[in-house]
Amino acid sequence: MSNSLMRLVIALNLTICSLAQAADHQLPGRIIRVVDGDSLILGISQSQYRIELAGIDAPELNQPWGNTAADRLRNSLTGAFVVVTQARTSANGTTTGTLIFKGRDIALDLIHDGLAWSTIPPVTTEPGDTHPYPVAEAQARLERRGLWSDEAPIPPWEWRRRQPGITD
């Protein structure tokens with residue numbers, strides 16, 4: 001086999017392996033239940049996965065706007081077929097990832113509507129490399145959408161800290 005043909009075979013194998021690995025990080029399934037404004041239960045075959053939406057933190061259920069965020073997910077996603085692009089799985093089995101429904105990033109929609117905070121830093125090291133989450137949050141704040149219509153909304157991580165017996 002010639003060197004150029006060997007290189008082509010190796011390149012094709014690497015590409016195939018990369019595509020297979022990328023596919024392994026996608027979880028297609030149906031939303032069985034909405035836990036809160038940034039947590040859901042995804043059903044795949046006979047298995048269930050707890051999904052945390054990556055890059056956001058929605059108000060807690062006992063916090064202003066918490067039920068609104070959860071209801072938004074419940075009304076639009078319960079029973080829906082979605083794809084979760086897995087970012088990571090924690091030791092307790094919770095998967096954190098990006099949830100795509102009908103071609104839309106659900107976390108970005110929540111931020112845009114003022115129903116969640118972005119946990120992505122607004123400043124990047126590369127010029128022109130701005131993540132859409134902090135941009136959407138800044139716009140929602142400016143237009144006072146959702147929780148930003150309140151005088152001083154309390155971020156959920158601070159709310160949890162103030163609640164006895166609640167941890168992050």
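## Overall layout

The protein has five helices and eight strands, and the model you are looking at is a predicted one. Reading from the N terminus, the order of elements is α-β-β-β-β-α-β-β-β-α-β-α-α.

Of the 168 residues in the protein, 36% are buried. The accessible surface comes to about 10,200 Å², and carbon and sulfur atoms contribute 55% of that area.

Let's turn to strand 2, which spans residues 39-44. Six of its six residues are buried, so strand 2 is largely enclosed by the rest of the structure.

On one hand, strand 2 runs antiparallel to strand 1 (residues 26-36), and five bridges join the two. In this pairing, I31 stands opposite L42 of strand 2. The two strands form a hairpin, with two residues between them.

On the other hand, strand 2 pairs with strand 3 (residues 47-53), again in the antiparallel sense, over six bridges. Here S39 stands opposite E52 in strand 3. Strand 2 and strand 3 also form a hairpin with two residues between them, and S45 in the turn has a positive phi of about 55°.

## A tryptophan cluster

Now for the aromatic rings, where the count comes to two pairs. In one of them, the rings of W117 and W148 have their centres 5.3 Å apart and their planes at 70°, so the pair is edge-to-face. W117 lies in strand 8 (residues 117-118), and W148 is in the loop between helix 4 (132-142) and helix 5 (156-162), so this pair ties together parts that are 31 residues apart in sequence. Both partners are covered: W117 is buried at a relative accessible area of 4%, and W148 counts as buried at 7% relative accessibility.

The other pair joins W117 to W157, with ring centres 6.1 Å apart and planes at 70°, so this pair is edge-to-face. W157 lies in helix 5 and W117 in strand 8, so the contact ties together parts that are 40 residues apart in sequence. W157 is partly exposed, having a relative accessible area of 27%. Through these ring pairs, W117, W148 and W157 are linked into a cluster.

Key:
Residues numbered from 1 in each chain as written. Predicted model: local features only at pLDDT ≥ 70, side-chain atom pairs only at ≥ 80, totals over all residues. Heavy atoms only, no water. Helix = DSSP H or I, 4+ residues; strand = E, 2+ residues; numbered from the N terminus. Buried < 20%, exposed > 50% of the residue type's maximum accessible area, 1.4 Å probe, protein only. Areas by Shrake-Rupley, 256 points an atom, 1.4 Å probe, with all protein chains shown as cover. Pairing = 2+ DSSP bridges. Phe/Tyr/Trp six-rings, centres within 6.5 Å; stacked < 30°, edge-to-face > 60°.
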